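Me: I would like a close look at a single part of this model, followed by a connected account of what surrounds the question.
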Amino acid sequence: MSILATIGGICSAVIAVCTAVSAVCKVAESVVALGKAMGLIHTKDSQEQLGVRCLAAEEQGITPEAFDHDYSAYLKAVNSVDISNVDPNQWTKQEKALKAIEVVSGAIVHDYGKNAEQLILALANHPESDFFTTERMNVLLNKAADNEIDLPNVLAYIQGGDASAKEARQDLLKVEQILNPDLSKDEALEVIDEKRENIAAN
């Protein structure tokens with residue numbers, strides 16, 4: 001599947017799952033924060049400001065396709081767009097949030113592939129969950145990229161789906177001990193169980 005189709009699928013899923021505009025904005029905030037933490041986007045813009053800048057850039061012909069999906073070059077061009085005289089209210093909050101999701105997801109998926117797509121889709125399904133923090137998602141993606149964890153299995157397990165529980169818990173333990181090194185093994189497992197239960201409850 002092309003990256004364009006993948007990003008389109010992510011945005012469609014966000015619209016389908018997040019029935020409230022506030023939930024779409026929450027996903028956008030999380031995705032933008034992740035992109036910043038991973039060093040894939042370099043901006044002080046909020047998710048809404050980034051959405052405005054990308055939409056304004058699009059009107060000037062600045063799109064990922066114009067840069068052959070070289071997101072580094074594309075985002076550099078986006079950052080150079082002056083929006084001081086752009087009326088942000090010409091777009092809805094949802095349009096701005098979706099554009100931010102589209103652009104930053106594209107950058108993340110470009111570098112991290114299918115794992116990133118699945119992680120962002122899981123985030124969209126549970127935008128209020130404290131499992132999907134910037135720090136945890138960053139570690140999950142990097143561990144998966146290094147083939148140290150099976151991210152699809154982890155995501156299936158944490159969401160209560162069909163998964164190998166033993167392997168998923170072992171992988172989640174690796175992640176939790178990086179995030180909270182002072183926790184004992186049993187304490188870390190308790191955190192994992194609590195977060196899984198919270199996702200199931202929501």
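With which residue does Glu48 form a salt bridge, and how far apart are the closest N and O atoms?

Reply: Glu48 forms a salt bridge with Lys96, and the closest N and O atoms of the pair are 2.7 Å apart. The model is predicted, with local features requiring pLDDT of at least 70 and side-chain atom pairs pLDDT 80 or more, while totals for chains, interfaces and linings use all residues. Residues are numbered from 1 along each chain as its sequence is written, and side-chain values use heavy atoms, leaving out hydrogens and water.

Eleven salt bridges are present in the structure (a side-chain nitrogen of Lys or Arg within 4 Å of a carboxyl oxygen of Asp or Glu). Helices here are DSSP runs of H or I with at least four residues, numbered from the N terminus.

Elsewhere, helix α7 (residues 151-158) packs against helix α8 (residues 165-179) at an angle of about 100°, their axes lying 9 Å apart. This angle makes α7 roughly perpendicular to α8 (65 to 115 degrees). On the α7 side, Asn153, Val154, Tyr157 and Ile158 make the contact (heavy atoms within 4.5 Å). Ala165, Glu167, Ala168, Arg169, Asp171 and Leu172 contribute from α8. By class, this contact of α7 with α8 comprises six nonpolar, one polar and three charged residues.

Technical notes: Axes are lines fitted to C-alpha atoms, for helices over the stretch in contact, and angles run from 0 to 180 degrees between N-to-C directions. Helices (H or I, at least four residues) and strands (E, at least two) are DSSP runs, numbered from the N terminus. Angles under 35 degrees count as roughly parallel, over 145 as roughly antiparallel, 65 to 115 as roughly perpendicular and the rest as oblique. Ala, Val, Leu, Ile, Met, Phe, Trp, Tyr, Cys and Pro count as nonpolar, Asp, Glu, Lys and Arg as charged, and the others, Gly among them, as polar.
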